[in-house]
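This report covers a ligand shell, an open sheet and a few local backbone features. Please keep the sequence and the 3D view at hand.

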Amino acid sequence: MSSAEPPPIELESLTKYYGDVRGVEDLTFAVDRGEIFGFLGPNGAGKSTAIRVLLGLSKPTDGTASLLGRDVTDRTELRDAKRRLGYLPSDVTFYDRVTGAAVLDHFARLRGDERRGDLLERFPVPLDRNVKAYSSGNRQKLAIVAAFMHEPEVAIMDEPTSGLDPLVQNEFYELLEERRDAGRTSFFSSHILSEVRRVCDRVGIIRNGRLIELDTVENILAEGGTVVTVRLAEEPPAAALEFAGVVRIDRRDGTYQIVLSHEFDALIDRLDEYTVLDLEVREASIEDVFMHFYGTPADGDRGPAANGVDTAP
Ligand SMILES: Nc1ncnc2c1ncn2[C@@H]1O[C@H](COP(=O)(O)OP(=O)(O)OP(=O)(O)O)[C@@H](O)[C@H]1O
């Protein structure tokens with residue numbers, strides 16, 4: 001990217017309130033060309049709100065949002081940007097009484113369809129059937145073909161893999177990776193941490209409308225530390241397992257789970273004082289690390305148990 005080229009997606013102090021209800025507040029970040037960027041956060045955090053503003057579907061209360069350098073609140077600039085944009089909404093709705101082929105024809109007239117054939121081979125749908133008769137997975141596949149068949153420079157997607165079976169999900173991740181290799185940008189919200197780990201270069205985590213983390217997946221995981229699970233024959237005093245290097249400690253049914261910042265000496269010294277019945281040491285998983293950001297309930301948030309995060313491997 002030449003330094004003069006604006007970022008494909010840029011939010012600057014973006015704020016959106018629905019009356020008194022906060023959607024997003026003071027959101028600032030940019031997505032670089034060729035990035036696969038994951039937008040994460042618990043239910044109600046503000047992900048869809050930010051996406052709706054970016055697509056010009058919702059007006060910001062304050063701040064700015066731009067797509068490919070175009071101000072999304074300016075109708076002419078937005079129309080220009082949308083020709084180079086692919087969009088996958090969270091709830092795919094089409095006019096029911098038309099065939100899949102007619103849906104694609106409609107989008108082809110608006111934006112082009114040079115990749116229609118190739119994408120239909122990878123995401124096959126019953127083209128001659130009314131969309132009304134489609135399963136939710138087929139609807140989603142049709143939406144993927146519609147969103148990507150004009151080879152958009154930027155794709156914005158709200159939970160794009162919901163309803164897709166694992167093979168189709170995999171095909172979709174490969175599509176995103178090919179786009180990255182070709183310098184095209186992909187931005188999507190997700191609750192599926194395994195997919196974030198697999199495909200995202202960078203993530204932004206939003207909570208209560210505010211950005212609380214913005215980093216590469218690699219860095220976030222590297223800072224996640226090591227998880228030590230240990231079962232002891234004795235019950236150590238409460239403070240005995242709290243020492244330098246311990247980030248977090250949880251006790252459940254006589255088993256201790258200790259998150260360590262890559263320092264083992266103090267732990268080994270301390271365990272030497274007890275009878276160790278069981279010991280497991282592993283790198284923190286993306287679930288361990290991200291749950292920390294989803295955190296405990298706070299002003300109107302729902303807690304980790306209710307945040308809908310899929311922690312499937
Ligand atoms: N049209 C609306 N009118 C009023 N409040 C709204 C509206 N849309 C969203 N909100 C509120 O804005 C906040 C952010 O919601 P948003 O849908 O953006 O979250 P989200 O991160 O996309 O959640 P989810 O993961 O559940 O899809 C929530 O408190 C929500 O109730």
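Helix 1 contributes the most to the shell around the ligand, with three residues. Helices (H or I, at least four residues) and strands (E, at least two) are DSSP runs, numbered from the N terminus. This is a predicted model: local features need pLDDT of at least 70, side-chain atom pairs count only at pLDDT 80 or more, and totals for chains, interfaces and linings use all residues. Numbering starts from 1 along each chain as its sequence is written.

**The ligand shell**

The residues around the ligand are Tyr 18, Val 21, Gly 23, Gly 41, Asn 43, Gly 44, Ala 45, Gly 46, Lys 47, Ser 48 and Thr 49. A residue is near a molecule if its C-beta atom, placed from the backbone, lies within 6 Å of it. Strand 2 (21–31) and helix 1 (47–54) are the elements that give two or more residues to this shell. By class, the shell holds three nonpolar, seven polar and one charged residue. Here Ala, Val, Leu, Ile, Met, Phe, Trp, Tyr, Cys and Pro count as nonpolar, Asp, Glu, Lys and Arg as charged, and the others, Gly among them, as polar.

**The annotated span**

UniProt, in an unreviewed entry, places the feature "domain: ABC transporter" at residues 9–233. Such annotations may be inferred rather than shown by experiment. The end C-alpha atoms of residues 9–233 lie 55 Å apart. That span is 34% helix and 30% strand.

Six strands form an open sheet with mixed pairing, in the order 6-7-8-3-9-10. Strand 6 (85–88) and strand 10 (210–216) are the edges, each pairing on one side only. The twist averages 15 degrees from one strand to the next. Two strands pair if DSSP finds at least two bridges between them.

| Strand pair | Sense | Bridges | Partners |
|---|---|---|---|
| Strand 6 and strand 7 | parallel | four bridges | Tyr 87 and Ile 156 |

How many residues of strand 9 (residues 202–207) are buried? Five of the six are buried, so strand 9 is largely enclosed by the rest of the structure. A residue is buried if 20 or more other C-beta atoms lie within 10 Å of its own, exposed if 12 or fewer, and partly exposed in between, with C-beta atoms placed from the backbone. Strand 9 and strand 10 form a hairpin with two residues between them. Asn 208 in that turn has a positive phi of about 50 degrees.

**Helix 5**

Helix 5 (residues 136–148) has 13 residues. Its first and last C-alpha atoms are 18 Å apart, close to the 18 Å expected at 1.5 Å a residue. The expected span is 1.5 Å times one less than the number of residues. Helix 5 is mostly covered, with 11 of its 13 residues buried. Among them are Asn 138, Arg 139, Lys 141 and Phe 148.

**Two positive phi values**

Leu 68 is not a glycine, yet has a positive phi of about 50 degrees. Leu 68 sits in the loop between strand 4 (62–67) and strand 5 (70–71). Because 22 other C-beta atoms lie within 10 Å, Leu 68 is buried.

Glu 151, also not a glycine, has a positive phi of about 50 degrees. Glu 151 is in the loop between helix 5 and strand 7. Glu 151 has 16 C-beta neighbours inside 10 Å, so Glu 151 counts as partly exposed.

Note on methods. Axes are lines fitted to C-alpha atoms, for helices over the stretch in contact, and angles run from 0 to 180 degrees between N-to-C directions.
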